[in-house]
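Q: I have just opened this one and would like a guided look. Could you take me through it slowly?

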Amino acid sequence: MKSDNRLWRTLHVLLHMHQSQEPMTSQAIGQMLNTNPVVVRRTMAGLRERHYVQSEKGHGGGWRLTRKLEDITLLEVYEALGSPTLFAMGEADDSQGCLVEAAVNQALAEVMDQARQLLLARFASISLAEIDADFEVLKELRGC
């Protein structure tokens with residue numbers, strides 16, 4: 001199963017948008033992420049609907065943040081992306097009616113749900129400003 005990296009990529013874009021003094025075009029973002037501008041627009045649509053970003057058309061237009069990084073959490077970005085699947089593992093369905101398979105599925109489903117809830121709670125506690133602060137530390141350590 002292919003991993004879903006939209007959250008990682010979107011956070012990357014949002015932090016670049018914060019650093020930029022000018023709006024970022026879908027074309028520029030697409031080049032940065034090595035993807036098509038149409039994919040960028042589709043991905044950014046959920047963020048626009050939640051008023052985290054806005055887009056302006058025409059010369060000098062592009063995407064810009066509409067909220068401070070302190071006011072956006074990882075959970076909010078995750079949800080704006082449609083709450084992509086967090087884990088690649090899933091229930092077995094090879095032996096319908098097998099009670100052993102049902103017991104395994106039940107046990108693992110409970111564990112996976114607990115892990116999902118913990119991860120989402122952690123997402124809710126991290127703002128984009130915290131990630132930006134980590135970037136600034138890395139930049140200083142590397143002498144950029």
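What follows is a chat about this model, topic by topic.

Q: Before we start, what kind of model is this?

A: This is a predicted model, so please read each of the details that follow with that in mind.

Q: Okay, how many residues are in the largest nonpolar core?

A: The largest nonpolar core has 29 residues, and those with the most contacts inside it are Leu14, Met17, Met44, Leu47, Val53, Val77 and Leu128.

Q: And which elements supply at least two residues of this core each?

A: They are the helices α1 (6–19), α2 (26–33), α3 (37–49), α4 (74–80), α5 and α6 (128–141), together with strand β2 (62–65). Helix α1 gives the most to this core, with six residues.

Q: Switching to the strands, how do β1 and β2 run?

A: Strand β1, which covers residues 53–56, is joined to β2 by four bridges, and the two run antiparallel. Within this pairing, Gln54 of the chain stands opposite Arg64 in β2.

Q: What about the hairpin, which residue there takes a positive phi?

A: That is Gly58, with a positive phi near 90°, in the hairpin of β1 and β2, which has five residues between the strands.

Q: Where is Thr25, and what is it in contact with?

A: Thr25 lies in the loop between α1 and α2, and, leaving aside its neighbours within four places in sequence, Thr25 is in contact with Gly61, Gly62 and Trp63. The C-alpha atoms of Thr25 and Gly60 are separated by 8.7 Å, although these two residues are 35 residues apart along the chain.

Q: Why does Thr25 count as partly exposed?

A: Thr25 counts as partly exposed because its relative accessibility is 34%, and that class lies between the limits of 20% for buried and 50% for exposed.

Q: And Ser127, is that one buried or exposed?

A: Ser127, which sits in the loop between α5 and α6, is buried, because its relative accessible area is 11% and buried means under 20%. Not counting residues up to four places away in sequence, Ser127 touches Leu69, Glu70, Ile72, Thr73 and Leu74.

Q: New topic: how many salt bridges does a search of the whole structure find?

A: The search finds five salt bridges. One of them joins the side chains of Arg6 and Asp4, at 2.7 Å from N to O.

Q: Which residue forms a salt bridge with Arg64?

A: Arg64 forms a salt bridge with Glu56, and their closest N and O atoms are 3.2 Å apart. Arg64 is partly exposed, with a relative accessible area of 30%, and Glu56 is also partly exposed, at 31%.

Q: What about Arg67?

A: Arg67 forms a salt bridge with Glu76, where the closest N and O atoms are 4.0 Å apart. Arg67 counts as partly exposed at 28% relative accessibility, and Glu76 counts as partly exposed at 21%.

Q: Last one: which residues make the nonpolar surface patch?

A: Val100, Val104 and Leu108 make a nonpolar surface patch of about 280 Å². Of these, Val104 is placed in helix α5, which covers residues 99–124, and Val104 is partly exposed, with a relative accessible area of 43%.

Key. Residues are numbered from 1 along each chain as its sequence is written. This is a predicted model: local features need pLDDT of at least 70, side-chain atom pairs count only at pLDDT 80 or more; totals for chains, interfaces and linings use all residues. Side-chain values use heavy atoms; hydrogens and water are left out. Patches are made of residues with over 30% relative accessible area and no salt bridge: like charges are joined within 9 Å, nonpolar side chains (Val, Leu, Ile, Met, Phe, Trp, Tyr) within 5 Å. Accessible areas come from the Shrake-Rupley method with a 1.4 Å probe; for residues, only the protein chains shown count as cover. Buried means under 20% relative accessible area, exposed over 50%, partly exposed in between (1.4 Å probe, protein chains only). A nonpolar core is a set of buried Ala, Val, Leu, Ile, Met, Phe, Trp, Tyr and Cys residues joined through side-chain atoms within 4.5 Å. Two strands pair if DSSP finds at least two bridges between them. Contact means heavy atoms within 4.5 Å.
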